[in-house]
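Student: Could you take me through one part of this protein closely? I would like to see how its residues sit and what they touch.

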Amino acid sequence: ISKEQGLEVLPEHDPIRDQSWYVNRKLRQRLLEEYGVRTCTLIQFLGDAVVLPAGALHQVQNFHSCIQVTEDFVSPEHLVQSFHLTQELRLLKEEINYDDKLQVKNILYHAVKEMVRSLKIHEDELEDMEEN
């Protein structure tokens, strides 16, 4: 769409993550027709909570003043995917703050620490069983 409108498209440009486009009804219809991508619209009312699955692309259009509360969770089982995502984000424009928000190194550290603790407990249990 940028090219169609005569705009420059930089190699590090990521229209999804830098939020440069709002995908309106016309663009959603085009996504369906050209790429088979189905979208849905959700209207959230006062008091409603919305839970989005991990990795679900979404956009929000606020009609009233609101407060957004977001909680991200990355499990150690998905560390490889999280690492790759972090690397992708680093390639984006420098003026956008894409620090390691997923805290991949911290997740790895705590996962290994927990694994060592668990192995130590089982090692102690095995030694106690051997002594008896």
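Tutor: Let us start with the order of the parts. From the N terminus on, the elements run α-α-α. That gives 3 helices and 0 strands. Keep in mind that this is a predicted model. Of the 132 residues in the protein, 11% are buried.

Now take helix α3 as our part. Helix α3 covers residues 104-131.

Look at one member, M115, which lies in helix α3. M115 counts as partly exposed, because its relative accessibility is 47% and that class runs between 20% and 50%. Why do some of these numbers sit three or four places apart? An α-helix has 3.6 residues a turn, so residues three or four places apart point the same way.

Next, look at A111, also in helix α3. How exposed is A111? At 25% relative accessibility, A111 is partly exposed. The C-alpha atoms of A111 and P76 are separated by 6.3 Å. Along the chain, these two residues are 35 residues apart.

Now the charged side chains. E114 and R117 meet in a salt bridge, at 2.5 Å from N to O. Both residues lie in helix α3. They are 3 residues apart, about one turn of the helix. E114 has 39% relative accessibility, so E114 counts as partly exposed. R117 has 45%, so R117 counts as partly exposed too.

K120 and E123 lie in helix α3, 3 residues apart, about one turn of the helix. E123 is partly exposed, with a relative accessible area of 40%. K120 is partly exposed as well, at 44%.

Salt bridges that share partners join E4, R30 and E34 into one network. The whole structure holds 4 salt bridges. One of them pairs R30 with E4, whose closest N and O atoms are 2.2 Å apart. This pair links distant parts of the chain. R30 is in helix α1, while E4 is in the segment before α1, 26 residues away. R30 is partly exposed, because its relative accessibility is 26%. E4 is exposed, because its value is 55%.

Helix α1 covers residues 25-35. N24 caps its N-terminal end. A side-chain oxygen of N24 lies 3.2 Å from the backbone nitrogen of K26. After α1 comes G36, with a positive phi near 75 degrees.

Which residues gather in a patch of negative charge on the surface? They are E125, E127, D128, E130 and E131. E131 has its place in helix α3. Is E131 buried or exposed? E131 counts as exposed, because its relative accessibility is 66% and exposed means over 50%.

Notes
Residues are numbered from 1 along each chain as its sequence is written. This is a predicted model: local features need pLDDT of at least 70, side-chain atom pairs count only at pLDDT 80 or more; totals for chains, interfaces and linings use all residues. Side-chain values use heavy atoms; hydrogens and water are left out. Patches are made of residues with over 30% relative accessible area and no salt bridge: like charges are joined within 9 Å, nonpolar side chains (Val, Leu, Ile, Met, Phe, Trp, Tyr) within 5 Å. Accessible areas come from the Shrake-Rupley method with a 1.4 Å probe; for residues, only the protein chains shown count as cover. Lys and Arg count as positive and Asp and Glu as negative; His and the chain ends are not counted. The place of a charge is taken as NZ of Lys, CZ of Arg, CG of Asp or CD of Glu. Helices (H or I, at least four residues) and strands (E, at least two) are DSSP runs, numbered from the N terminus. Buried means under 20% relative accessible area, exposed over 50%, partly exposed in between (1.4 Å probe, protein chains only). A polar contact is a pair of N or O atoms within 3.5 Å; within protein, one must be able to donate a hydrogen and the other to accept it, and residues adjacent in sequence count only if both atoms are side-chain atoms.
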